[in-house]
Structures are given as structure tokens and as C-alpha cells.
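Below is a short briefing on a structure, for a reader who has not seen it before.

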Amino acid sequence: MSIFEYNGSAVVAMVGKNCFAIASDRRLGVQLQTIATDFQRISKIHDRVFIALSGLATDVQTLYQRLVFRHKLYQLREERDMKPETFASLVSAILYEKRFGPYLCQPVIAGLGEDEKPFICTMDSIGAKELAKDFVVSGTASESLYGACEAMYKPDMEAEELFETISQALLSSVDRDCLSGWGGHVYVVTPTEIKERILKGRMD
Amino acid sequence: MKLDTSGFETSMPTIGFGSSNDMLDGFSTVPSFDLPRTTDFDGFQKEAVQMVKPAKGTTTLAFIFKEGVMVAADSRASMGGYISSQSVKKIIEINPYMLGTMAGGAADCQFWHRNLGIKCRLHELANKRRISVSGASKLLANMLYSYRGMGLSVGTMIAGWDETGPGLYYVDNEGGRLKGDRFSVGSGSPYAYGVLDSGYKFDMTVEEASELARRSIYHATFRDGASGGVASVYHVGPNGWKKLSGDDVGELHYHYYPVPPAIAEQVMEEAAAE
């Protein structure tokens, strides 16, 4: 198994009508052994930008701490929050700085930009941005996730329907992956509120 | 090119006619397969082994207690990280009073267990009495020993009831054969052993033993990524085996550890009452 599959992860983000949803699994493992079932993979940068990191768990935590630091500096200097597109460029630059000894994670970034327009993107471990209009996936279950999202996704879904869709896509994909699952964590973000939900999934 | 297996021929009597009888040729001696004609025989074998990539991702267990033998297994088949099936039958019914468990390569286990069943039946016909668990496991172990180093992946337990009472043997692809009271095989076995060893008593009823077996498999599926699906539990008694239960471990989790209603729900109820 490759180093990206050492801890196991599944992350997905989807775009809706003036809202977005970002979801991850909750397993932390060491190859086949499950160590924890409450690992935080999704982190809030500010009220309208979320980042979820898949891949090696230590790099997930370190990279998140680095990014929070950089965003706080930005807030002090600019006296405002970062736009999601700007944040994505920041992450890409930080990852490429380590081009020859990279952070072994693949981020998924989701945010609400100007005019409440949702923004999602994913990157590989050295910062190649991939913008998408519908959904982005990452992690050991990514192939299953691509299939499930492609089948279940419709454009312009409202917040509740988006939550149902992303949850079903996540749970059905991680049920086909040995290394991810053991529950789910979903954030649905609209211009007025952030709803965080924990999913009951198969614990095997 | 046929493999020379004369060193491993069993001294089990055939029909009594002597050396070769066309009808029984395939079964009376150790089965042998045609091997490929290739210049690089060693390299070919290594590539074949790598292709099959044996990794015993599973959890099976069996133990002897007062009322017989309890056998349990999960039902997940995995290929590296991908789950190829959640509904594999890992407890193989060799004959009405003997069970075998599957760990390792599915094809290997299925084929060799069926082959063992054939040999057991032939023994019955030749000797007018059922084969013992000890004898059956020895047949299997000797067959596997002759294929040592060729990349077979079989980690199986033979459980049954014969004239001497309940019998349990562990047999693997190296040709090893161990007699014992409690075994667990597969990547989830350490977790199953933890629960099984701490809860085991010889004097258990069938219900207590089946609950112990089910719990052990459940805990192994929780911790081990390569085990999951359905926890099947079988009991082998003096009249043969009987399947006791097949519970989905996803549901078992919430049965053993129910989720208390969320605080938000409670708050909403209170608001509605006002």
C-alpha cells in the first residue's frame, strides 16, 4: 500500500444553489488497524471557507495548522477574511514550496465567494489546482466517490437535498473501501448558517 | 510436465484393485496438475504468486466447548484497499458433520475444501465408516504440504464431530496442522482473540457460546479494515452442523452500542412541549 493509503481517508465537496456541502469520513487507521473513529478532517478557515485534507494524517494536521496561521496573518494585514479563490492559491503555493519533499495530502477546498457563489476545488499533493463546477473528491475511496457523485449529483440543489445527496454518496462509497468510513462528518454552508452533522454509518 | 508427487502418496487404500484405475486416477493419489512448459520456471512461479497476492484479510474463529464446536466468520473479500464483496461464504460445508473455514485465497480454499469433501466421501465408501476430524485434517494438510512454496494461500480450520467427540484442527498452506481448543485466523484474529480469550469458559450453553463468537467477530470487524459484512455463526453438535445466525455487523454495532438521542432533538422536543 502506498503512503497515501497509510491512514485512509475519504473527502468530497459538492456545489448547490448558493450553498455548498463538504463531507469526510471519520476513520484514522494504521494500514488495516483502526485507531480512532472521530478524526477531524474538515477544518473551518473562516465562516465561508472550509478545507478538508485527505492523505497522511500527520501532514493533514500540520498543514492545517500552517494554513490557519497564514490566514490569521492575512486577517491582521488586510482586516478582512480571505476569498475562497485566494485561499486556494495560497494552499497551492504552500504545497509547491515543498515540491521535492511534499506534504503527503490532497486538499479539498470549498467556500462561498462574492454574491454567495459557491466555489470548490481540489489539488494534488504538490499544488495542482483542479476547479470544478459540480463536485470534487479525494482520498482512498476517491474512485468509488467519483462514480457515486456522478450518478447522484444534480445542479442547483437546495441545502437539505444537497445534504442528502452528499451523505448518500459518501456512505455508499466508503462502504466499498476497507480504509475509510466508520461514520461521516458533513458541513452544509449557506449564506446564513453552517450546519454540522455526524452521519451514522457502517462501523466495519 | 507432471509434478512428481510419488513421495507424498497416501497409504490410504483405494478400491482394492491395486495401482491405477482410470476412474479414480484423479482422486486416489495426491492431485497433480500439468505445469507450464517455460524456460524460466522459477520466475513464472514468482510472477504467478505476485499476481494472486495472498493477504489473509478476514476474521474466522472456532472453539470447542461443552456442547460441541462453535465456528464463526465475517464475509468481506478485499483486494488491497477495495472491498470486492461483503457477502462471501467463508464457512464451507465439507459434509453434514464437518465444517471448514476460509482464510486466504478464496479460490484455493473453495477448491481444496471441495477436494477434501470428495476424499472424505471416498473414505466413507471404502471403509464403511465416517472419517474422523483428525483424519480429514491430515488429508488436507498433506495435500497442502505437497504444494508448499507454490503460492497457495490457505489458512483454514477443520471443525467437526466424530466418534471421539468434538474436533478442531488448524491447517495452513505451509502444511502445518495443529490440534487445539480455540483458534482464530486472519488479519482480524488478534482482535477476535482478545474478546474470545477473555470471555471463554468450557461450560457454556449454546446461546452463550454463539453470543461470544458473534461478539468476537463484531469486534474484529470494527478494528480491522479487511473484515466486515455479515457475522455468521455455526454450531457443530453430535448430529452435525447447524447455522445459528448471520447478522450484519453494521446493525450489530448499533445493537451493542446504541446512539443516545442527540441533544438538539431533546431541545426541540422541549420547545414543542412549551
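The notes below cover conventions, salt bridges and a helix pair.

This is a predicted model, in which local features need pLDDT of at least 70 and side-chain atom pairs count only at pLDDT 80 or more, while totals for chains, interfaces and linings use all residues. Residues are numbered from 1 along each chain as its sequence is written, chains are lettered from A and ligands numbered from 1 in the order in which they are written, and side-chain values use heavy atoms, without hydrogens and water.

**Salt bridges**
- Over all chains there are 16 salt bridges (a side-chain nitrogen of Lys or Arg within 4 Å of a carboxyl oxygen of Asp or Glu).
- Asp25(A) pairs with Arg41(A), with the closest N and O atoms 2.6 Å apart.
- In chain B, Arg214(B) and Glu211(B) form a salt bridge at 2.6 Å, N to O.
- Arg214(B) is buried at 12%, whereas Glu211(B) is partly exposed at 30%.

- Helix 5 (residues 189-199) of chain B and helix 6 (residues 206-223) of chain B have axes (lines fitted to C-alpha atoms over the stretch in contact) that come within 7 Å and cross at roughly 150 degrees, on a scale from 0 to 180 degrees between N-to-C directions.
- The two helices are therefore roughly antiparallel (over 145 degrees).

Notes: Helix = DSSP H or I, 4+ residues; strand = E, 2+ residues; numbered from the N terminus. Parallel < 35°, antiparallel > 145°, perpendicular 65-115°, else oblique. Buried < 20%, exposed > 50% of the residue type's maximum accessible area, 1.4 Å probe, protein only.
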